[in-house]
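Here are a few friendly notes to read alongside the model.

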Amino acid sequence: MATRENLQQVEYTLPYQQYVDPQVLKEEKKKIFYKSWIMVGHTSQVEKPGDFFTFDLAGEPIIITHGTDGQLRAFYNICPHRGAKVEQKERGNKKILQCIYHGWTFKLDGNVHKAPNFGTNALDRHSCMTAIRLEVHQAMIFVNLDPNALPFSTVHQSFVDNIQMYSFLGSLKQARENRRIVHANWKAVIDNYLECDHCAIAHPAFSKKFDLSKYSIIPCDTFSYQCSTVSDGEENSGARFYWVWPNLMISIYPGSGNMTTSQIIPLDEGRSLAIYRYYFADTNITEEEEKLIRFVDEVREEDFELVELLQTGFHSQAFENGIYSPTEHGLHAFHQMVKEALHD
């Protein structure tokens with residue numbers, strides 16, 4: 001029987017209301033997604049001059065280009081003339097970007113190229129595409145919509161130091177990308193990733209592959225990592241699963257150099273876009289790598305089913321909060337960061 005003393009030790013999660021309220025999501029976009037370093041892609045997507053890809057960052061359309069000077073740049077994918085989206089395609093290679101509304105064209109550095117019906121003297125810096133801060137770390141491309149934000153290497157120094165052990169990361173190439181709409185709040189997807197109490201029940205293949213008795217979840221300042229070993233005790237069989245504030249998951253499995261990333265982008269308070277990408281030394285995927293992809297996909301789909309089930313329960317008036325288990329340190333740390341961001 002629970003005593004009063006025991007009840008006082010119970011710690012509660014974020015209120016369920018924060019997973020279903022559109023006003024909360026509005027604040028999260030403004031104070032979290034538009035002020036944090038967000039991974040949008042990989043240098044292997046823009047290897048050659050003229051390469052570009054577009055990305056929707058929680059409602060803000062952006063474009064990443066590889067300029068003729070060799071520089072990678074990020075811009076709002078918006079024409080300064082009337083606000084139309086400039087590039088309609090998801091990826092490609094072009095020398096000039098053109099807005100199909102009034103025909104304005106832009107160079108790959110964001111500067112206006114031609115503006116029909118405008119004299120050149122009337123064009124100034126306000127006629128250029130608006131630049132966004134961009135940094136590359138281990139070939140991963142991060143952007144920050146806040147022009148006053150601290151550099152990525154300052155904000156995430158501990159994470160940068162931690163992944164230095166994987167010397168192969170910078171040489172990997174994106175070999176595949178999948179996308180899926182998850183009918184759950186973005187925080188619910190992160191919550192699920194940051195605890196493994198459910199693993200023995202929900203992930204039979206994962207539980208068989210990894211020794212859960214040696215499974216650890218270690219929260220750090222702006223990231224957490226989970227680590228374990230393969231159950232058969234192979235040498236060099238350690239795996240690490242990173243979460244980086246606010247919405248990036250990175251998995252590095254045993255075997256040949258590999259990386260899997262998952263980005264969770266909120267669509268609305270009850271739906272998220274999951275973008276998951278697979279990186280290997282070569283884009284020609286081997287059978288061993290195909291096997292790894294199938295394994296990762298199986299675990300991921302099991303998680304998506306769980307979080308979609310959770311989302312239906314968040315609307316109930318039965319409970320206002322969840323309860324942290326004694327091992328959910330990563331989940332607790334994430335929630336504290338959300339609270340701090342929303343109260344800034």
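How many residues does helix α9 have, and how far does α9 reach from its first C-alpha to its last?

This is a predicted model, in which local features need pLDDT of at least 70, side-chain atom pairs count only at pLDDT 80 or more, and totals for chains, interfaces and linings use all residues. Residues are numbered from 1 along each chain as its sequence is written, and side-chain values use heavy atoms, with hydrogens and water left out.

1. Helix α9 (residues 329-342) has 14 residues and reaches 20 Å, close to the 20 Å expected at 1.5 Å a residue (that is, 1.5 Å times one less than the number of residues). Helices (H or I, at least four residues) and strands (E, at least two) are DSSP runs, numbered from the N terminus.

2. Among the buried residues of α9 are L331, F334, M337 and V338 (buried: under 20% relative accessible area; exposed: over 50%; partly exposed: in between; 1.4 Å probe, protein chains only). Seen down the axis, the buried residues of α9 fall within an arc of 155°, so they line one face of the helix; the arc is that of the directions from the helix axis to the C-beta atoms.

3. The largest nonpolar core has 61 residues, and F206 and W243 have the most contacts inside it. Such a core is a set of buried Ala, Val, Leu, Ile, Met, Phe, Trp, Tyr and Cys residues joined through side-chain atoms within 4.5 Å. Helix α8 (residues 287-314) gives the most to this core, with eight residues.

4. T286 sits in the loop between β18 (271-280) and α8. T286 is partly exposed, at a relative accessible area of 37%.
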